[in-house]
Amino acid sequence: TAIRDGDARAAGLLYSQLLGIDSEQALPAKQQVDLGTYLMSDGQHRLAGAAFESLLAHYPTFEAKDHIELLLGVLYSRYLNNPVRARQYLEHALPQLRNPNDRELAERELAHVATMLGGQ
């Protein structure tokens, strides 16, 4: 209900409780995407990352997998201070991205991550 109503705070709280009970649980794919998106827009970045990673783990053939990997790359780069993880997601997503704006974002983020890693 919280996801359907767009209530990111309640959805985040309930999702945290669910993960505390069983960290292997996942919602249906569309709800998992909506949840991650709401959490990301609400600034709950760590929990958004967990939601998106759970989506990829439970739905490995998800049609927009490349976009989810791009979002994870951005989350890890900009908000979760994990440039190594960001680079992994961005490098994996980039060859699959068809939208020019998404490709440009991935390339910009990869350049930022390279700076964070000292040119590695």
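Predicted model: local features only at pLDDT ≥ 70, side-chain atom pairs only at ≥ 80, totals over all residues.
User: What is the mean pLDDT of the chain?
Analyst: The mean is 95, and 99% of the residues reach 70 or more; pLDDT is the predictor's confidence in each residue, from 0 to 100.

User: Which elements have the lowest and highest mean pLDDT?
Analyst: Helix 1 (residues 8–21) has the lowest, at 94, and helix 5 (residues 83–93) the highest, at 98. Helices here are DSSP runs (H or I, at least four residues), numbered from the N terminus.

User: How do helix 4 and helix 5 cross?
Analyst: The axes of helix 4 (residues 65–79) and helix 5 come within 8 Å and cross at roughly 155 degrees. Axes are lines fitted to C-alpha atoms over the stretch in contact, and angles run from 0 to 180 degrees between N-to-C directions. The two helices are therefore roughly antiparallel (an angle over 145 degrees).

User: Which residues of helix 4 and helix 5 meet?
Analyst: Among them are Leu70, Gly73 and Tyr76 in helix 4, and Ala86, Tyr89 and Leu90 in helix 5; contact means heavy atoms within 4.5 Å. By class, this contact has nine nonpolar, three polar and three charged residues. Ala, Val, Leu, Ile, Met, Phe, Trp, Tyr, Cys and Pro count as nonpolar, Asp, Glu, Lys and Arg as charged, and the others, Gly among them, as polar.

User: How many aromatic pairs does the structure hold?
Analyst: The structure holds one. The ring centres of Tyr76 and Tyr89 are 6.1 Å apart and the planes lie at 5 degrees, so the pair is stacked (centres within 6.5 Å, planes under 30 degrees apart). The pair links Tyr76 in helix 4 to Tyr89 in helix 5, 13 residues apart.

User: Turning to helix 6, how does helix 5 cross it?
Analyst: The axes of helix 5 and helix 6 (residues 100–116) come within 10 Å and cross at roughly 150 degrees, and these helices are therefore also roughly antiparallel. Pro83, Ala86, Arg87, Leu90 and Glu91 in helix 5 meet Ala106, Glu109, Leu110, Val113 and Met116 in helix 6. Seven of these residues are nonpolar, none polar and three charged.

User: And where do helix 1 and helix 2 touch?
Analyst: Ala8, Ala11, Gly12 and Tyr15 of helix 1 contact Gln32, Leu35, Tyr38 and Leu39 of helix 2. The axes come within 9 Å and cross at roughly 115 degrees.

Terms used: Residues numbered from 1 in each chain as written. Heavy atoms only, no water. Parallel < 35°, antiparallel > 145°, perpendicular 65-115°, else oblique. Phe/Tyr/Trp six-rings, centres within 6.5 Å; stacked < 30°, edge-to-face > 60°.
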